[in-house]
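Here is a short briefing on one protein chain. It covers aromatic pairs, cavities and model confidence.

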Amino acid sequence: MPANAVRCKIPAARSPEMNPGIWGRLPEDLLERILALLPLKTLLNLRPTCKHFNSLLFSPSFLSLTKTPLLSSFLLLSHPQSQPRFPLYDAFLDSWRTLALTLPLSCAAHLISTSNGLLCFSLPNSFLICNFLTKSMKTIQFPSYPFSSTTLISSSSSHVDSPSSSGPGSPSSTAPHGYKIFTLNSASSSAFVYDSGADSWTQFNGFDPILNENSHHVGVFFNGSLYFTTREPFSVVGFELEKGRWEGLAAPMPIKLMFARLVSGSGAGIQERKLFMVGGVGQNGISRNLKVWELGEDGRNWVEIGALPELMCRKLVAVCYHNYEHVYCLWHNGLVCVCCYNWPEILVYKVARRTWHWLPRCPFLPDKWSCGFRWFSFTPDLYALV
């Protein structure tokens, strides 16, 4: 600094407080454009302040202003020792986070199904349906006991799960939707369907007795029906929800199957739902390979679309110890996920790229946890009504 320079202190500029009257005179469309820049957490905190803010998140015009989807979808891990906290994996960000449910859940509650923002818990004498985002819940009494298999189906499950069809501002994401609960009672050979719109159960008798021995596998929703795989001789049977009718799938099963699991999801780049089958192929009760098939368009044949590389197959077989009853599958955003009750990692098949990957292990899990791992596909949804 030059010797003849004079130091002077410039007072810091003070940010003038916004006059509330200015906010009150802002055009509504301009105010919504400003609020659309806020993060979701801030928007949720604003909801109780006035009726207008409360209604914004249900407004298609407001949601269309957001540059990115407000909510992500996750793979949710449930374990008996982790509740009421559930680790979440974001496949897009390739990162883990922990979800803390603040609902007053009973220590005896067990997460058994999820669908489009709703979680279904099993309590000693009832089901608990909740939306953790809106902090709403409903208790539904069991129609009978014991039940052997339960599937929660949101009405928006009939839509394709691609971002282009279920993103903010689309009809399927902004319109409140109901749900159905499907459960089997092996003792009475009956199926029960709960409709949230009618708030009542409907009983259907005479379900396929083969399912009695295979009822722990959850049904897969596809084209208005729930589909199940049976034990050997392997087959696929479906229950049409609207008519309460059981039907067998016409497509013959692949040969040399050691086990089979169904997955329902949207085909890559195709605006329609697809039914996939994951199965172990081998002989003498031992799987030597794992393959993925897609149901043909006419519903009369299974088309092979992928086979697991040998080294990855060895790891999977070692994980389940050839006890294939521990293996289950699910669909999540273009991924066919192969899971095991006694292993904390997930094997995924990317349908669009035809590639296999092991997802990174959850960093929040203690090493002592050895079994009881249940994975679910979970997309928080403000418009899922309980």
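**Aromatic pairs, cavities and confidence**

W201 is partly exposed, because its relative accessible area is 23%, and buried would require under 20%. This is a predicted model. Its mean pLDDT over the protein chain is 80. The structure holds 18 aromatic pairs, and a search of the whole structure finds three cavities of 30 Å³ or more.

**The F127–W201 pair**

- The ring centres of F127 and W201 lie 6.2 Å apart. Their planes meet at 40°, so this pair is tilted.
- F127 sits in strand β6 (residues 126-131) and W201 in strand β11 (residues 200-205). The pair therefore ties together parts that are 74 residues apart in sequence.
- F127 is buried, at a relative accessible area of 0%.
- F127 and W201 also belong to a cluster linked by ring pairs, together with F142, Y179 and Y194.

**The F182–F228 pair**

- F182 and F228 have ring centres 5.8 Å apart.
- F182 belongs to strand β9 (residues 179-185) and F228 to strand β13 (residues 225-229). The pair links distant parts of the chain, 46 residues apart.
- F182 is buried, with 0% relative accessibility.
- F228 is buried too, with a relative accessible area of 3%.

**The largest cavity**

- The largest cavity has a volume of about 50 Å³.
- Its lining includes F259, G280, Y324 and V327. Also among the lining residues are S287, N289 and L290, as well as C313, L316, V317 and C320.
- Strand β18 (286-295) and helix α8 (310-320) each supply at least two lining residues.
- Helix α8 gives the largest share of the lining, four residues.
- By class, the lining has eight nonpolar and three polar residues. No charged residue takes part in the lining.

**Confidence**

- In the protein chain, 79% of residues reach a pLDDT of 70 or more.
- Among the elements, strand β19 (residues 302-307) has the highest mean pLDDT, 97. Helix α6 (residues 163-166) has the lowest, 31.
- Residues 157-174 have pLDDT below 50. Beyond near neighbours in sequence, this stretch has 43 contacts in the model.
- Residues 267-271 are also below 50. This stretch has seven contacts beyond near neighbours in sequence.

Notes
Residues are numbered from 1 along each chain as its sequence is written. This is a predicted model: local features need pLDDT of at least 70, side-chain atom pairs count only at pLDDT 80 or more; totals for chains, interfaces and linings use all residues. Side-chain values use heavy atoms; hydrogens and water are left out. pLDDT is the predictor's confidence in each residue, from 0 to 100. Contact means heavy atoms within 4.5 Å. On a 1 Å grid over the protein atoms alone, a cavity is a set of points where a 1.4 Å probe fits but cannot get out, and a pocket is an open set with protein on both sides within 12 Å along at least five of seven lines; lining residues have an atom within 4 Å of a point. Grid points are joined across faces, edges and corners, and a volume is the space filled by probe spheres set on the points. Ala, Val, Leu, Ile, Met, Phe, Trp, Tyr, Cys and Pro count as nonpolar, Asp, Glu, Lys and Arg as charged, and the others, Gly among them, as polar. Rings of Phe, Tyr and Trp (its six-membered ring) pair if their centres lie within 6.5 Å; planes under 30 degrees apart count as stacked, over 60 as edge-to-face and the rest as tilted. Buried means under 20% relative accessible area, exposed over 50%, partly exposed in between (1.4 Å probe, protein chains only).
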